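This briefing covers selected local features of one protein chain.

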Amino acid sequence: MPLVKANGIQLFYEERGDASKPPLILVMGITAPGSVWYAHSENWEKEFRCIIVDNRGVGLSDKPAGPYTTAQMADDYAALMDVLEIAQARVVGVSMGGTIALQMAIRHPGKVKAMILMCPWARCDNTAKAIFEQMMLAKARFRPEEFSHFIQLLIFSKASWDDDEKVKELSEGRDLDAIGKNQQPLHGLEAQAYACMTHDVLTDLPKINQPTLIVGGAEDKFTPKWMAEEIHETLPNSELFLYPTAGHIFHFEHLEDFNKRAKKWLLAN
């Protein structure tokens, strides 16, 4: 689980799966370290060499002063691929990771073979910007477990909150976050939020020719389905699938189905 110099910073990454398998770059979303991918990579690493990264600003990677941009973060991944001597890879990005994946396809098209974009956006409207602004305020003013509760309310669907076992699990997660080590610093969250708010690649989407699967939750409050639909309508070689009763974290609310669906698509593309 090494640190490597890429694009002027130290990036923490780890590999799962056989190095002889096709490379699969996994790009995580705002606030979260790469380890959140474990529940997916456990399935995908049988077929792919999974590269899991802590984005700049979180986890064990460097957390330089912001603001960041999604273009800058895409360059981080391109530089990491150069260090690892990976000429081209499939890319899966979730939320902010989806915006980074789009920038990789725009800025480094030869490095991206195919993409899965999970709850992505091409641009923020005023509502989305206000949510990121509130996220920064919550991080600054809430205790860690309170901030965790705020994020849970954004990303889980009604179906999860109506499930007593899931509600208990979410409460236990908040308790762990209250004492968690290596929590993201405020400046790291603010820098990532700026990247999310300023991301605007709508006019560049027609230039992207890589096969792309766009996946989301129809009940996503954080990045509503219009964002995924807008990308699908503008991206030439794309498919769209929305889980009807899922939120932003559809990939855990429908973990088994998503893992199988994504792996089948990746193997075909």
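How many residues does helix α2 have, and how far does α2 reach from its first C-alpha to its last? In this predicted model, helix α2 spans residues 70-83, has 14 residues and reaches 20 Å between those two atoms. That is close to the 20 Å expected at 1.5 Å a residue.

- Eleven of the 14 residues of α2 are buried, so the helix is largely enclosed by the rest of the structure.
- The buried residues of α2 include the alanines Ala71, Ala74, Ala78 and Ala79, together with Met73, Leu80 and Met81.
- Also buried in α2 are Thr70, Asp75, Asp76 and Tyr77.
- Glu85 follows α2 and has a positive phi, near 55°.

**Loop between β4 and α2**
- Ala65 lies in the loop that runs between β4 (49-53) and α2.
- Ala65 counts as exposed because its relative accessibility is 66%, and the cut-off for exposed is over 50%.
- Ala65 is 122 residues from His187 in sequence, while their C-alpha atoms are 6.7 Å apart in space.

**Negative surface patch**
- Asp163, Asp164, Glu165, Glu172, Asp175 and Asp177 form a negative surface patch.
- One of these patch residues, Asp164, is placed in helix α7, which covers residues 164-179.
- Asp164 has 65% relative accessibility and therefore counts as exposed.

Definitions and conventions: Residues numbered from 1 in each chain as written. Predicted model: local features only at pLDDT ≥ 70, side-chain atom pairs only at ≥ 80, totals over all residues. Heavy atoms only, no water. Patch = residues over 30% accessible without salt bridge, like charges linked within 9 Å, V, L, I, M, F, W, Y side chains within 5 Å. Areas by Shrake-Rupley, 256 points an atom, 1.4 Å probe, with all protein chains shown as cover. Salt bridge = Lys/Arg side-chain N within 4 Å of Asp/Glu carboxyl O. Lys, Arg positive; Asp, Glu negative; His and termini not counted. Charge placed at Lys NZ, Arg CZ, Asp CG, Glu CD. Helix = DSSP H or I, 4+ residues; strand = E, 2+ residues; numbered from the N terminus. Buried < 20%, exposed > 50% of the residue type's maximum accessible area, 1.4 Å probe, protein only. Expected span 1.5 Å × (residues − 1).
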